[in-house]
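Okay, thanks for making time, everyone.

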Protein chains: 2
Amino acid sequence: MRIPKAILNLIESFEKLPGIGPKTAQRLTFYLLHVPQGELDKFSESIQNLKKGTVLCSVCFAVGEKDPCHICADEKRDKSIICVVEEALDVFSIERSGKFGGVYHVLHGRIDPLNSIGPDEIYISQLLQRVKETSNGVKRVKEIILATNPTMEGEATAMYIAKKLREQSTINRQSPQMRDPAAAGQSTITRIGRGLPMGADIEYADEITLQRALEGRQVYE
Amino acid sequence: MRIPKAILNLIESFEKLPGIGPKTAQRLTFYLLHVPQGELDKFSESIQNLKKGTVLCSVCFAVGEKDPCHICADEKRDKSIICVVEEALDVFSIERSGKFGGVYHVLHGRIDPLNSIGPDEIYISQLLQRVKETSNGVKRVKEIILATNPTMEGEATAMYIAKKLREQSTINRQSPQMRDPAAAGQSTITRIGRGLPMGADIEYADEITLQRALEGRQVYE
């Protein structure tokens, strides 16, 4: 059976996307056959210009329109709190929550030995460098929030970064809320809260989530 | 939060595809940020050229590289048997089975009142016209296989087409295998076999599938 080359090409391109198998790729391609050429041109242009219209911020490695990105360039953001995330997309998710006034550091991946991604494949050394920087002998960064995903790989990445940060300098082990003013020159490492997501049902929660939720319990106010 | 325009545009384009929601659209877009520009250019070109590199066959309305398509142009294909399918993709699926030597008719949809698609929105009148054609007073088409999907809409479409074909001329009600040579000038309408798919388990089959499987039972050879 001779499937037209134009169709095969597009099926092939779709198949390369994550989570899209051969059947979905076919379905999407044949769907696009019914779409007006103007729409196809727009779609095609968006793909072509995706990377041309974006740059990696040289400070936090987030994806933005300018370098430094508008978060790093924002005077109002607290540069002493760095939230470490796996992917650029995570920045937008946390920003959407509207609850974070610090800055970010995007790792662009996670330590994942099964897929041969080691610490050097992601932006960890740049994070260590950022934390190390001082101005007038005082550490600029007061808190590093490890906001990698609560998965095997995300936890391993968080552990590795914490270990490296501790090797590189004294780290304050107190919670940021009760920080000792005398320890002003030290940084604190925190891990993003883990527990039951909103709308969840304890009955259906897995053991590890419940374990984390109990560990992470807080005084009820 | 200002998401770069280049990213928003692509997310928007992906969201328009069937079965792709806002979250998947985001994930695909951010995945493409890690892909080399050369790959993006290839993807972009495939979309741009999808419709330019294909034409609708004016005989069977399948999607091909030429008009008439290579199936309609093939001397070896039996032009007296027309297999009626809903979508161009179905032609490739049936061709892959390698079991069909006739020609096709692509409806490009199904009768679906809930989505306001009536008989006139799809290529039914062209099918009726094709079946009506005679050469030297003898009907050219001997069998019309209704291979629309065994869904509510597909069944309704098959019923509608059968009714219209019967209105337009005498239809042979005998099975094509035992066709009376005297009825040479008549056409037979058949429906593609429905029953248990290969690898299925009777225990998990739904009632209607089992019903159809029993109705469609055949002498065991």
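I'll start with the overall build of chain A, then go to the cores, and finish with a few local spots.

First, the caveat: what you're looking at is a predicted model. So let's take chain A. Now, the radius of gyration of chain A is 22 Å, whereas the globule rule gives 17 Å for 221 residues, so chain A is more spread out than a compact globule. If you'd rather think in boxes, the C-alpha atoms of chain A fill one of roughly 75 × 50 × 35 Å, taken along the principal axes.

How much of chain A is buried? Of its 221 residues, 40% count as buried. The accessible surface of chain A is about 12700 Å², and carbon and sulfur atoms hold 54% of that. On contacts: take the pairs in chain A that are at least 6 apart in sequence, and 46% of those contacts join residues at least 24 apart. And on charge, chain A carries 29 positive and 29 negative charges, with their mean positions 3 Å apart.

As a general point, nonpolar side chains in soluble globular proteins tend to be buried together. Here the largest nonpolar core has 74 residues. Which of them touch the most other members? That would be A:Phe14, A:Leu32 and A:Phe43, along with B:Phe14, B:Leu32 and B:Phe43. Helix α4 of chain A, residues 88–97, gives this core its largest share, with 5 residues.

Let me zoom in on A:Phe14. Leaving out anything up to four places away in sequence, A:Phe14 touches A:Ile20, A:Ala25, A:Leu28, A:Thr29, A:Leu32 and A:Phe43 from chain A. From chain B, A:Phe14 touches B:Phe14, B:Leu17 and B:Phe43. There's also a second, separate core of 34 residues, and B:Ile82, B:Val91, B:Val141 and B:Ala147 are among them.

Next, a lysine to click on: B:Lys139. B:Lys139 sits in strand β6 of chain B, residues 138–139. Is B:Lys139 buried or exposed? Buried: its relative accessible area is 11%, and the cut-off for buried is under 20%. B:Lys139 and B:Gln186 are 47 residues apart along the chain, but their C-alpha atoms are separated by 6.6 Å.

Last bit: backbone geometry. Most residues other than glycine have a negative phi, and most peptide bonds are trans. With that in mind, where are the cis bonds? In chain A, a cis peptide bond joins A:Asp67 and A:Pro68, with omega about 0°. A:Pro68 is in the loop between β2 (63–64) and β3 (78–85) of chain A. Over in chain B, B:Asp67 and B:Pro68 are joined by a cis bond, with omega about 0°, and B:Pro68 is placed in the loop between β2 (63–64) and β3 (78–85) of that chain.

Then the serines. A:Ser116 has a positive phi, near 45°, and isn't a glycine. A:Ser116 lies in the loop between β4 (102–106) and α5 (124–132) of chain A. At 60% relative accessibility, A:Ser116 counts as exposed. In chain B, B:Ser116 has a positive phi of about 45°, and B:Ser116 is exposed too, at 60% relative accessible area.

That's my tour, so over to you.

Technical notes. Residues are numbered from 1 along each chain as its sequence is written. Chains are lettered from A and ligands numbered from 1 in the order in which they are written. This is a predicted model: local features need pLDDT of at least 70, side-chain atom pairs count only at pLDDT 80 or more; totals for chains, interfaces and linings use all residues. Side-chain values use heavy atoms; hydrogens and water are left out. The radius of gyration is taken over C-alpha atoms; the globule rule is 2.2 Å times the number of residues to the power 0.38. Buried means under 20% relative accessible area, exposed over 50%, partly exposed in between (1.4 Å probe, protein chains only). Contact means heavy atoms within 4.5 Å. Accessible areas come from the Shrake-Rupley method with a 1.4 Å probe; for residues, only the protein chains shown count as cover. Lys and Arg count as positive and Asp and Glu as negative; His and the chain ends are not counted. The place of a charge is taken as NZ of Lys, CZ of Arg, CG of Asp or CD of Glu. Helices (H or I, at least four residues) and strands (E, at least two) are DSSP runs, numbered from the N terminus. A nonpolar core is a set of buried Ala, Val, Leu, Ile, Met, Phe, Trp, Tyr and Cys residues joined through side-chain atoms within 4.5 Å.
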